[in-house]
Structure formats: C-alpha cells, structure tokens
Amino acid sequence: DPVCYRCQRNRFCLNCPLVSRWRRIFAWKNPYFLQRLNRVRVHLGAPKTLQVVGVSQWLIGRMRQREMRRFRMWHIPNGVDTDYFQRRQNARVLLGLDAEAEVILFLAGRGARWQLNPNKGLLELAEAFVHQIAPRRPRSILAVGGEWLAPNHPQVRGLGFVSRESLPLWYSAASVYVLPT
C-alpha cells in the first residue's frame with residue numbers, strides 16, 4: 001500500500017488525516033498519490049532478483065516497510081574521496097574568516113528559491129544557535145550554505161550556493177559540521 005515518505009505511522013494515503021475528504025474521494029487528482037501508485041506498480045513489476053543498495057540502515061528499514069521488502073538489500077555507506085577532501089591549513093584566511101572564531105558549518109542541497117527545506121533542520125539549528133550558542137560564544141559563526149535563505153543575525157553568514165571546488169575549504173575552516181536532519 002502506498003505510504004507517505006514523511007508518515008511515521010505507515011498508513012494508507014486514503015486514510016491519512018492530512019489528506020482532505022475530497023482528495024480521498026478524488027484520489028486520481030492527487031499528484032502525490034498517483035506518483036506513489038506508479039512507484040508501487042514499477043516495484044511490483046521488477047524482477048525478484050533485483051538487489052537494492054541503501055546508504056543508511058534507516059533507509060533500508062523504510063524500504064523494508066514498503067513494497068520493496070521482497071528485494072535483497074545491501075547497506076553501503078556513502079564514501080568520501082580523502083584525496084580531494086584533505087584539510088587545508090589556510091582555509092579560514094582564504095575565506096575571510098577570523099582564525100580564532102568557532103565556525104559551525106551547515107550545508108544543504110539547494111531547493112526552491114526563497115523557501116527553506118524543512119527536512120534539513122536549518123530552522124531548528126538557527127534557533128539553537130541564536131538563543132543558546134551566540135549569547136555564550138560571541139566569536140562563533142554559523143555558516144549556512146546551500147539554502148537560499150539564512151537567518152538574519154550578525155553571527156550568521158549566508159553562503160548561498162557552495163561550489164564543489166570550495167567544499168574542501170569550507171570543511172577545513174569549520175570547527176564543526178552540523179547535519180540536523
């Protein structure tokens with residue numbers, strides 16, 4: 001049965017309280033529901049010998065709760081190119097950052113303009129930074145890359161799109177990388 005990606009209860013879409021009564025009656029007009037039905041059709045039509053790779057145990061667990069449970073699953077974590085992502089000693093100087101600052105780095109894949117991706121956790125991170133970290137550590141910097149909108153605070157630096165070429169510099173400059181998803 002089709003399951004919403006964000007739904008923790010794994011309920012059938014037509015019973016979901018988030019879907020209006022009319023959307024349940026006219027399910028063929030609900031584009032997400034149609035996409036899920038199409039995915040179910042594709043997965044059920046795939047050969048049983050298909051093998052699936054997941055980058056996390058969580059993802060494999062979610063796939064096992066759905067129509068993909070009949071396939072053999074493998075956990076292969078994402079790899080990192082250690083030659084490319086070597087520490088750069090002068091990264092903060094090249095990026096114009098204070099050498100003594102504590103740099104908290106947040107990077108996210110770019111979404112739609114002028115809207116935050118709620119799955120990435122930037123709102124929660126910004127709230128924690130503004131209310132908990134910034135008052136206690138005045139030299140700290142929250143560097144936000146990848147999102148179009150960054151919190152309006154003097155210690156927050158919006159980076160916008162971060163190119164692949166500058167990623168090693170930002171990771172080297174960071175005191176800590178935060179991924180609150």
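In what order do the four strands of the open sheet stand, and is the pairing parallel or antiparallel? The order is β5-β4-β3-β6, and the pairing is parallel. Strands pair here if DSSP finds at least two bridges between them. β5 (156–160) and β6 stand at the edges, each with a single partner strand, so one side of each has no neighbour in the sheet.

The model is predicted: local features need pLDDT of at least 70, side-chain atom pairs count only at pLDDT 80 or more, and totals for chains, interfaces and linings use all residues. Residues are numbered from 1 along each chain as its sequence is written, and side-chain values use heavy atoms, with hydrogens and water left out.

The chain holds six helices and six strands. Both are DSSP runs numbered from the N terminus: helices are H or I with at least four residues, strands E with at least two. From the N terminus, the elements follow the order α-α-β-α-β-α-β-α-β-β-α-β. Of the 181 residues, 34% count as buried. Buried means under 20% relative accessible area, exposed over 50%, and partly exposed in between (1.4 Å probe, protein chains only). The accessible surface comes to about 12,300 Å², and 55% of it belongs to carbon and sulfur atoms. Areas come from the Shrake-Rupley method with a 1.4 Å probe; for residues, only the protein chains shown count as cover. Among contacts with a separation of 6 or more, 55% join residues 24 or more positions apart. A contact means heavy atoms within 4.5 Å.

Strand β3 (residues 102–107) is mostly covered, with five of its six residues buried. β3 pairs with β4 (residues 140–145) in the parallel sense over six bridges. L107 stands opposite G145 in β4. Two bridges join β3 to β6 (residues 176–177), also in parallel. Here L105 stands opposite Y177. β4 and β5 run parallel and are joined by four bridges. L142 stands opposite V156 in β5.

Two salt bridges were counted. The criterion is a side-chain nitrogen of Lys or Arg within 4 Å of a carboxyl oxygen of Asp or Glu. D98 and R139 meet at 2.4 Å, N to O. D98 lies in the loop between α4 (91–95) and β3, and R139 in the loop between α5 (122–136) and β4, so the pair ties together parts that are 41 residues apart in sequence. D98 is partly exposed at 33% relative accessible area. R139 is partly exposed at 47%. The side chains of R137 and E102 form a salt bridge at 2.9 Å, N to O. R137 lies in the loop between α5 and β4 and E102 in strand β3, so this pair ties together parts 35 residues apart in sequence. R137 is partly exposed at 46% relative accessibility, and E102 is partly exposed at 32%.

In helix α3 (residues 57–64), I60, R62 and M63 are buried. They lie on the same side of α3, because they cover an arc of only 160° around the axis. The arc is taken from the directions from the helix axis to the C-beta atoms. The buried residues of α3 pack against β1 (51–54) and β2 (72–75).

S172 sits in helix α6 (residues 167–173). S172 counts as buried at 10% relative accessibility. Leaving out residues up to four places away in sequence, S172 touches Q86, R87, R88 and A91.
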